[in-house]
Amino acid sequence: MKIPKKIYPDNIKDSIVEIKFNSVNPTEINLGLFFNALDESYFYSNRNNSPMILPDGRTLDFTINGGNLFYNDTIKFEFKNNSIIFNCMDSYKGWDDYIENINKTLKQIFKTGVISSFISVGVRYISEYPDVDLKNITKFKFGFGFPDIASESFSFRTNFQHKGMKIALNLNSKVMLSDLISKNEQIAKLSLIDIDIIKSDINCENVESLLEVVNQCHTMEKEFFFGLLNTDYFESLKKEF
């Protein structure tokens, strides 16, 4: 299968990239240094978990936990316990745009000199499908000890190693989510494809070598995601190569 660069619709809810690093400084000191290193295109907010109204009127919901959020027009990110956690602001605009902004951010904070090495990369994409049965769009077949019974919904989780990376795969098919029901009563059941790729045995001393690992994890992410989709659903998607 030739893996597309982008699909429409992509159904991506979250596209999280987490990078862990070594530093001699505590997080509180680094936060101030990173704040000063970032250019004027970034904004900063110390917030709780409630949504924030941006100057242009958009509402920024927080799927990244914590209190200190940076953001620009494309990405949002936070520093937490010697890690930086990225996510897209609104809709996912594609990997090229996303990694370009990650690269820009990393180069600015790396100039502070407080990061001695990057030690771990995680790439996690969560795609959501309202009221869609995953059996109809994926190759995954859920079964158990009663072959005559067909499950109306299921949750499946597995962890394994592949090509030196840790893979965490979570599939939820037509699961009731009460927090979504309270916002939109028309959405009663939701399916999720959640794939987390982690490469932890690294020691990158510059941004360039780190980005090679990030791209490798992203490639693995795409291989597993598209490998899960069945032929009929894959062919129904509009694809950009």
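Is Asn72 buried or exposed? Asn72 is buried: its relative accessible area is 5%, and the cut-off for buried is under 20%. The model is predicted.

Asn72 sits in a loop.

Leaving aside neighbours within four places in sequence, Asn72 is in contact with Ser41, Tyr42, Met89 and Asn101. Phe43 is 29 residues from Asn72 in sequence. In space, their C-alpha atoms are 6.2 Å apart.

## Asn72: polar contacts

The side chain of Asn72 reaches the backbone nitrogen of Ile75 at 2.8 Å. The side chain of Asn72 also has a polar contact with the side chain of Asn101, at 3.2 Å.

Lys5 belongs to the segment before strand E1 (6–8). How exposed is Lys5? Lys5 is partly exposed, because its relative accessible area of 45% falls between the cut-offs of 20% and 50%.

## Lys5: partners

Leaving aside neighbours within four places in sequence, Lys5 is in contact with Asp96, Lys222, Glu240 and Phe241. Two of these partners can be described further. With Asp96, Lys5 makes a polar contact from side chain to side chain, at 3.1 Å. Lys222 is 217 residues away along the chain. The C-alpha atoms of Lys5 and Lys222 are separated by 9.1 Å.

Conventions: Residues numbered from 1 in each chain as written. Predicted model: local features only at pLDDT ≥ 70, side-chain atom pairs only at ≥ 80, totals over all residues. Heavy atoms only, no water. Helix = DSSP H or I, 4+ residues; strand = E, 2+ residues; numbered from the N terminus. Buried < 20%, exposed > 50% of the residue type's maximum accessible area, 1.4 Å probe, protein only. Contact = heavy atoms within 4.5 Å. Polar contact = N/O pair within 3.5 Å; in protein donor to acceptor, adjacent residues only side chain to side chain.
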